[in-house]
Amino acid sequence: MPLTETRLRALKPKDKPYKVADDRGLYIEVSPSGGRLWRFRYRIGTVEKKLSIGSYPEINLKDARQAAYEARVKVASGGDPAMEKRKQKIRSEFLSAQTFEAVAREYIDEMMVQNGRADATIIKANFFLDQLTDAIGSRPIDEIEPFEVLAPLKRLEAKGKHETAKKTRSFASRVFRYGVATTRCKGDPTTMLRGALITPKAKHYAAILEPKDLGGLLRAIQDYTGNFITRYALLIAPHVFVRPGELRHADWKEIDLEEGVWRIPEGKMKARRPHAVPLSTQVVGYLKELAEMVGTEGYVFPSARASVRPMSENTLNAAFRRMGFTKDEVTAHGLRATASTMLNESGLWNPDAIERGLAHGDSNAVRGVYHRGKHWDERVRMAQWWSDYLDTIREGGKVINVAFAKG
């Protein structure tokens, strides 16, 4: 006889567990402690199986019958409801352990460190993770809602850190997409936050764009009396117009002084492609002088505190400030804009050669010898011309008229 709510409430515990059937495989099991558990009995082939539905009265008679009906439908269609429930439980337990911080650190290690991303990029990724850890670090990644990510981003905005907020959102998005690809979450909640953050104003690095002013900077560098390694980095930086991070991570094994080439591996380049820098006789001379003092092992410009680490990213800009130049007048990164502007205005060089020299246009990532690419010969001549020109204006010599003839 099918069960009723009245019969269910009247069930009393006995010395041993006992079962009371309802209908079509559904029954309730009463334990000696008084617990009442709904179960559904079914067969897969010749094997009898049981599905636990839940406890009474938390699950009432109507809901237990509905659950049993749904289980019968699954069995009829070839499914196994107990097996599916176990799989769902395992998945739920797995996902609950997959916190945002755990997945993010795995992403940094698997997709960034092991793929050879630059040290500076790894440091920034960990910084962005730090901005999110308090808010969502311990949350299961599959359960995070958009508003939970928005909260720490808005706190950054409130401090005026609009660019940091934007880049932190972008980092979070990459982590969620990695989570989707590795089956830890179903989607990227940050896609709903596009437009929710203040768009930061474009920020340009301060750069000297007049020959007279550049000559003054070069003379100040020549007279610099600080750390000698910093002085050589300052002397070389205007000539090679690489990014500051690429300069300070330069390694002696990358530099061929005889051939006059600095080959930067892809792991140190922003575009993740190897890049070659032609070295003028002036730069080769500076490097030979430095090599005589420090040797040719490890970093060319090591940290003053530990030779196994590169020079700090703030070293060159701090030196400019000690020389009396403000952050609105010159920055280490701005030296690239200085070279780009003046080389383009000279009218002497192919714009593509200039862009390739700045590592903007080197799109061919499979060259066997990466200083044999297009425009290399022109870049060698351009590097020497540029160094000669810097020497001329440093000494207060005449500015070459053709160099700044507006077309």
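**Domains, a pocket and confidence in a predicted model**

Q: What area is buried between domain 2 and domain 3?

A: In this predicted model, about 340 Å² is buried between domain 2 and domain 3. Carbon and sulfur atoms give 41% of that area.

Q: Which residues of domain 2 lose the most area to domain 3?

A: They are R117, A118 and D119. Together these three residues account for 64% of what the domain 2 side buries.

Q: And how many residues are in contact there, on the domain 2 side and on the domain 3 side?

A: Four residues of domain 2 are in contact with five residues of domain 3.

Q: Turning to pockets, how much space lies in the second largest pocket?

A: The second largest pocket holds about 240 Å³ of space. It is lined by 13 residues, and those closest to its centre are S303, A304, M311, S312 and T315.

Q: What is the make-up of that lining by class?

A: The lining of the second largest pocket comprises five nonpolar, five polar and three charged residues.

Q: Now the backbone: which peptide bond is cis?

A: The bond from Y56 to P57 is cis, with omega near 10°. P57 belongs to the loop that lies between β4 (47-56) and α2 (61-76).

Q: What about phi of T183?

A: Phi of T183 is near 65°, which is a positive value in a residue other than glycine. T183 is placed in the loop between α7 (162-181) and α8 (211-222).

Q: What is the mean pLDDT of the chain?

A: The mean is 88, and 92% of the residues reach 70 or more.

Q: Where is confidence lowest and where is it highest?

A: Helix α3 (residues 81-97) has the lowest confidence, at a mean of 77, whereas strand β5 (residues 255-256) has the highest, at 96.

Q: Over which residues does pLDDT stay under 50?

A: One stretch is residues 362-372, for which the model has 22 contacts beyond four places in sequence. Another is residues 401-407, with 14 such contacts.

Notes. Residues are numbered from 1 along each chain as its sequence is written. This is a predicted model: local features need pLDDT of at least 70, side-chain atom pairs count only at pLDDT 80 or more; totals for chains, interfaces and linings use all residues. Side-chain values use heavy atoms; hydrogens and water are left out. pLDDT is the predictor's confidence in each residue, from 0 to 100. Helices (H or I, at least four residues) and strands (E, at least two) are DSSP runs, numbered from the N terminus. Contact means heavy atoms within 4.5 Å. On a 1 Å grid over the protein atoms alone, a cavity is a set of points where a 1.4 Å probe fits but cannot get out, and a pocket is an open set with protein on both sides within 12 Å along at least five of seven lines; lining residues have an atom within 4 Å of a point. Grid points are joined across faces, edges and corners, and a volume is the space filled by probe spheres set on the points. Ala, Val, Leu, Ile, Met, Phe, Trp, Tyr, Cys and Pro count as nonpolar, Asp, Glu, Lys and Arg as charged, and the others, Gly among them, as polar. Buried area is the accessible area (1.4 Å probe) that two parts lose on being put together, summed over both.
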